[in-house]
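Here is my note on the two-chain model that you asked me to look over. The points are numbered so that each can be taken up separately.

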Number of protein chains: 2
Amino acid sequence: MHSTSQKILREDRPKRRGRARRTQTQPSSELPIIQHRSIPSYQLLSETALSKIEAQADWLMENIGVEFRSDEVAIELFREAGATVKGESVKFELGLLRQLCSTAPEQFKLHSRVPRHTITLGGDNVVLMPGYGSPFVTDLDKGRRYATLEDFQNFVKLSYSTPYLHHSGGTVCEPTDIPVNKRHLDMVYAHLKLSTKPFMGGVTAPERARDSIEMARIVFGKEYLESHAVMQGNINVNSPFIYDDTMSGSLRVYAEANQCVCVSPAIFGGAMGPVTPAAITAQTLAEGMVGVALTQLVRPGCPVVLGSFHSTMNLRTGSLTFGTPEANLVTMALTQLANRLGVPVRSGTGGQITAANAPDGQAMQDSANGMWATLLSGTHQVWHAAGWLEGGLTMSYEKFIMDLDNCGAMLKMFQGMAVNEDAFSKESYAETGPGQNFLSTSHTMKHFANANYESLLPDAGPYEMWLENGSKTAAERANGVWKKMLETYEEPSLNDAINRELQAFIAARKTSMPDEWY
Amino acid sequence: MHSTSQKILREDRPKRRGRARRTQTQPSSELPIIQHRSIPSYQLLSETALSKIEAQADWLMENIGVEFRSDEVAIELFREAGATVKGESVKFELGLLRQLCSTAPEQFKLHSRVPRHTITLGGDNVVLMPGYGSPFVTDLDKGRRYATLEDFQNFVKLSYSTPYLHHSGGTVCEPTDIPVNKRHLDMVYAHLKLSTKPFMGGVTAPERARDSIEMARIVFGKEYLESHAVMQGNINVNSPFIYDDTMSGSLRVYAEANQCVCVSPAIFGGAMGPVTPAAITAQTLAEGMVGVALTQLVRPGCPVVLGSFHSTMNLRTGSLTFGTPEANLVTMALTQLANRLGVPVRSGTGGQITAANAPDGQAMQDSANGMWATLLSGTHQVWHAAGWLEGGLTMSYEKFIMDLDNCGAMLKMFQGMAVNEDAFSKESYAETGPGQNFLSTSHTMKHFANANYESLLPDAGPYEMWLENGSKTAAERANGVWKKMLETYEEPSLNDAINRELQAFIAARKTSMPDEWY
């Protein structure tokens, strides 16, 4: 999506109409948001292969089961539903788990206070989100450092300002300057105040999940939340086969409030499961279905997403690896399996993920590889679509822009190819002839401004110009883009009374407990 | 396919068995070569859309036609076949062109003097090749400079040494230190002497095409070549709708010798055709079919590939752009159309292409995007799979390695996901339990060495180690890899008498004409 030095027929090209519009710096409110995939999804596995993986998942839950550590409420819910409970172990007779999942909706909305930011999870829709969970941030000016609340707010602003992300994310980066037990308050406030896109609330303790939901109730109204999901909570499984009480407790809080849960087993092949893609796929499905079932036991019909966080590792060195062919196969298979289960799916370590330490060639190669597997398979929700470096340890401001650029390109591709008489433009051929160019045909003049996706990055120009300008890498050219986006960011309006109520809630919660830093 | 800093459970990982084997530096002769795609191809367009594009292509050839400039032989062949000829213009009544293409084989082999390097074009097979046509090369040691014969030879050696390319390419880079009218002799000699992989011969004049074929006859035998294709000639169309006599003349030389032709229209949307992807697709198909038909008129059954070189341009600035969503849509559609025509297809500006001036994040993002569209659609022959920078102006030694790495990863993905009891490894779950790791299961111990694709690039390591080692980008880490490959390159054997005959032929041809530098 970038330019080369080979300028052809420069003098003949269509006249610029005023300054080239750099759409990415326009206010978010003016830009169309593409959520719909108009091209087919890629079907990796056959019906037979999918059935075999489902049978393996069923076998795992019949024979291995999961443990709910210290969550008697969850265990009791499963016992009542007919599961085989022994101590903290929960197993499922063949067919039971799928039956418990059957009330989960196939498609649902996450509502925004601004209609254009309401999104659909499921069907032919995609939801792109920024990275999640990095303790560090980096940019080319200040280098790598612990993330702060200001960084967190910056990424919320950037995600709000682009049409290429649909969701504000959750813990986009850790605001490490805020006590651990109070961070969720500042993060949820930033999502609600600085953005109107759907977001994720706290999950690191059930009471933090409750605080997050309470803040959403202040903005949207208590009754509204009873029937409308506006937020998500991410529930990680301690794979293999463990749900700890923090996670299952937070899951229950979100489900009770009818807010969306995303259940994410976390399996690196060879560590938390066998090394083979088929085994990782089956185990992810099995562990994930248990979380989906729990949401439905708490509140039938509760919106839930089957997630995953799987990847490969180098088993010679112990390093985690991302964007790998084996991980991409699992991502594509899981999308098919979630569709068969009838639950929206979050990409399993898809998105734009990498183990690289800088936004270099490796980072973008890994990221593009992961993104194609994720998006072409028809995944509904894509975490880590922008910013992720170092296996998630760091959010990079420059990679965020480079990733956004690819999100925009992929969303353009999602619109597919128009095959009709206007596109064929037979009349153009009457205006030209063999050997003549099409730069000035009426069709080109009509379409040139919007025919092609335009990169967010400034054009590097031909080699000699690029050299003169300091041989700037893509990351260096992205540096100015995020700054410009932050400069031109316009905060959405929020009712004053609501804002004051939010602030009062936060203040009260903060003074109610001493700071905790662990 | 790379490593991160998050080392988990390092002490538990399987013991290294001696030094980690870096398979990429093993002699080519020991490594398996994957040519077969075991995963489904992606079908972008519906039957209806494909039919509409075919109808547009037919309309173009009925109403616009092509011009064969100064090639009376080609024009006469078309006239005899029933085409409508007026001067140099050739048009085709509905149905005629497809009928003329019908003798082209759907699948065929390019033979090597070493059976393991014989490749299949068509079906579920893929042929990856290095870049083509760059006047410049670049590496991190010596920077960007005009390419020489030594560079050319280096890239032939590198392509020979990797299992991730199947073909030696053609004018991988221009040996600018050799006179223009003699370069083809040195290039073909390098392909024949330094490699055993199939290759492309000269096309810049019909007599250079004849020299190239003559040299192949010396190696393979004249009779053998009559019934076995061992090489290809790339025939570029001067889009829109022009075949010049150099190209159509060279096409006829290859076809007469029963050697493979690749016909490549060259269309940048808005310049050599309308700006819309559907129009570019139809025009490429139309122009390409004419070349395919000509090969069949010269020699029915002659092996031919429907190629393309299409992409987008920034119509505000005139810059060419690569790896764009619009170009990727065309690539995917053309593969479907060629399959319907029954002719193997060369990627249309797929492969790992970019306008970037350095092997940075942009370069690899563009390249991975182009590669996925190309490979997933089931394209049979992929030019520019390694090394391409600056819209083809430069071959980069480092990008060559980074691209190779992705070729290897994609070929691994092509093998698909094994879904069977060994992969599921039920016994692993008996060896472990909830919360326990799989690092030492017998299944992991059995599979760890080969389960995952292993990157060609040295591991960057965790952030702190990477920083201490000089914060090397992927390109910097690739720098040592190509040097090591050249160091360990082993030349294939070639019969002495044949080699002397080749050298004598080249010497005779070189002395028969004065140097020409244009």
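1. Conventions. This is a predicted model, in which local features need pLDDT of at least 70 and side-chain atom pairs count only at pLDDT 80 or more, whereas totals for chains, interfaces and linings use all residues. Residues are numbered from 1 along each chain as its sequence is written, chains are lettered from A and ligands numbered from 1 in the order in which they are written, and side-chain values use heavy atoms, with hydrogens and water left out.

2. The same surface serves both copies, since 100% of the contact residues of chain B recur in chain A.

3. Extent of the interface. The contact (heavy atoms within 4.5 Å) takes 128 residues from chain A and 128 residues from chain B. Between them the chains bury about 10900 Å², 62% of it on carbon and sulfur atoms, where buried area is the accessible area (1.4 Å probe) that two parts lose on being put together, summed over both. Of the area that chain B buries against chain A, Arg316(B), Met417(B) and Tyr429(B) supply 9%, more than any other three residues.

4. Helix α11 (residues 361-376) of chain B gives the largest share of the side of chain B that touches chain A, namely 10 residues; helices are DSSP runs of H or I of at least four residues, and strands are E runs of at least two, numbered from the N terminus. Six salt bridges are found across the interface, a salt bridge being a side-chain nitrogen of Lys or Arg within 4 Å of a carboxyl oxygen of Asp or Glu.

5. Individual salt bridges. Arg316(A) pairs with Glu454(B) at 2.9 Å, N to O, and Arg316(A) is buried, with a relative accessible area of 10% (buried means under 20%, exposed over 50%, partly exposed in between; 1.4 Å probe, protein chains only). Lys412(B) and Glu326(A) form another salt bridge at 2.6 Å, N to O, and both of these residues are buried. In the salt bridge of Glu464(A) with Arg144(B), the closest N and O atoms are 3.9 Å apart. Within chain B, Lys399(B) and Asp403(B) form a salt bridge at 2.8 Å, and, being four residues apart in helix α12 of chain B, they are separated by about one helical turn.

6. Two single residues. Ser367(A), in helix α11 of chain A, counts as buried because its relative accessibility is 0%. Ala507(B), in helix α18 (residues 496-511) of chain B, counts as partly exposed at 41% relative accessibility.
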